[in-house]
Amino acid sequence: VAGEWVGRKLGRYEIKSVLGQGAMGHVYEAFDTDLMRSVAIKVLPRKIEPGHETIGLKLFLQEGRIAAKLTHPGIVTIYEIGHEQGYYFFAMERVVGKTLATIVDEMGPLPAAQTCYIVAQAAKALAAGHAMGVVHRDVKPGNIMIDTKGHVKITDFGLADVAGVEGIAELSQLALGTPAWISPEVARGDRATPASDIYSLGLTLHYAMTRDRLVKGSTKSQMLKFQQSAPSIRREQLPAGWPARLRDIVVQCLQADPNHRYQSADQLAADLLTALRPTHEDGTLVLGSAMPAPKKSVPASIGWIALGMLALVAILLAVWWYKLR
């Protein structure tokens, strides 16, 4: 039980409270007694006997090792992987905030500006992983964190695939990811690519703005079956009130053929950050704030004309004053 760890110590970490729990591990807030700082600790919930390497342990260690390879402000930093008395854990950056899934659950559909900003920052973080051959494979609202300052973080690389690294044999024939958020090719059991993560971002963006999942089904098997032959999303299927460029972006993310999607998460991010302001004055949107109106500058020529007029008036006044004398 996750709560049983509260008040105990694991290595040099004093466990303070439960932050979250799931099949892949329980996450706690802890205090690092050596470096004197708060951290998050993810603990594999089952004790592993010496010489036993379960699939759960392999996935757990893979998550920590992959995330540790990636250095990016949008990816949670891993500090240490360790084990003590048969319990495996890794210490990581403590992110104070909420997942996108929680925010949508609490607030309902989000405004376009917020959604574009959040998904764009997530895309930038995924692009950093793609550049190193890392495909996340489980992109969804529950794995996107927004902290109290508006910073966006990608979490949970437990199912990630790394180019050139031998995978976990037990997973080779499985459709990896959460059924409601995976691409058609992944649902069919094909290897995930960066375009697969981009498809998941498209599903995430649609959900954040509608609170409605595009992948339907009451069971995981139903959702997998639905996605295996899912058609490309068409522009007319999206809300008519969305900005035209935003609808085009979602359509390009949600093409059934991965070759017809965005091939770069960085390009997706760039398009999202200009989707709502298609002018030469495009700028980065700020989470939760209104878009500032563009500043109007006075042309230099008008300024010089005004100065000339003032000078002429001054000369005429001086002549008039001189004649009066």
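Helix H7, which spans residues 244-253, has Leu246, Arg247, Ile249, Val250, Val251 and Cys253 as its buried residues; buried means under 20% relative accessible area, with a 1.4 Å probe and protein chains only. Helices (H or I, at least four residues) and strands (E, at least two) are DSSP runs, numbered from the N terminus. The cover over the buried residues of H7 includes helix H3 (112-131), helix H5 (194-210) and helix H8 (265-274).

The model is predicted: local features need pLDDT of at least 70, side-chain atom pairs count only at pLDDT 80 or more, and totals for chains, interfaces and linings use all residues. Residues are numbered from 1 along each chain as its sequence is written, and side-chain values use heavy atoms, with hydrogens and water left out.

The interior may be followed through its nonpolar cores, a core being a set of buried Ala, Val, Leu, Ile, Met, Phe, Trp, Tyr and Cys residues joined through side-chain atoms within 4.5 Å. The largest nonpolar core has 73 residues, and Phe157, Leu268 and Leu272 are those that touch the most other members. H3 gives the most to this core, with 12 residues. A second, separate core has 12 residues, including Trp5, Leu10, Tyr13 and Ile15. Leaving aside residues up to four places away in sequence, Phe157 touches Glu63, Ile66, Ala67, Leu70, Ile75, Val134 and His136, where contact means heavy atoms within 4.5 Å.

Phe157 also belongs to the lining of a cavity. On a 1 Å grid over the protein atoms alone, a cavity is a set of points where a 1.4 Å probe fits but cannot get out, while a pocket is an open set with protein on both sides within 12 Å along at least five of seven lines; lining residues have an atom within 4 Å of a point. Grid points are joined across faces, edges and corners, and a volume is the space filled by probe spheres set on the points.

The structure holds 2 cavities of 30 Å³ or more. The second largest cavity, with about 30 Å³ of space, has Phe157 in its lining together with residues including Leu70, Ile75, Val134 and His136. H3 gives the most to this lining, with 4 residues. The largest cavity contains about 50 Å³ of space. Of the 10 residues that line the largest cavity, Arg137, Val186, Ser196, Asp197 and Ser200 lie nearest its centre, and H5 gives the most to the lining, with 3 residues.

The largest pocket has a volume of about 740 Å³. Among its 30 lining residues, Val27, Lys42, Asn143, Thr155 and Asp156 are the closest to its centre. Elements that each supply at least two lining residues include strand S3 (25-32), strand S4 (37-43) and helix H1 (55-69), and the largest share, 4 residues, comes from S2.

Confidence is expressed by pLDDT, the predictor's value for each residue, from 0 to 100. The chain averages a pLDDT of 83, and 81% of the residues score at least 70. Among the elements of the chain, H5 has the highest mean pLDDT (97) and helix H9 (residues 300-324) the lowest (50). Over residues 279-298 pLDDT stays under 50, and the model has 23 contacts beyond four places in sequence for them. Where pLDDT is low, the predicted coordinates should not be read in detail.

Methods:
Buried < 20%, exposed > 50% of the residue type's maximum accessible area, 1.4 Å probe, protein only.
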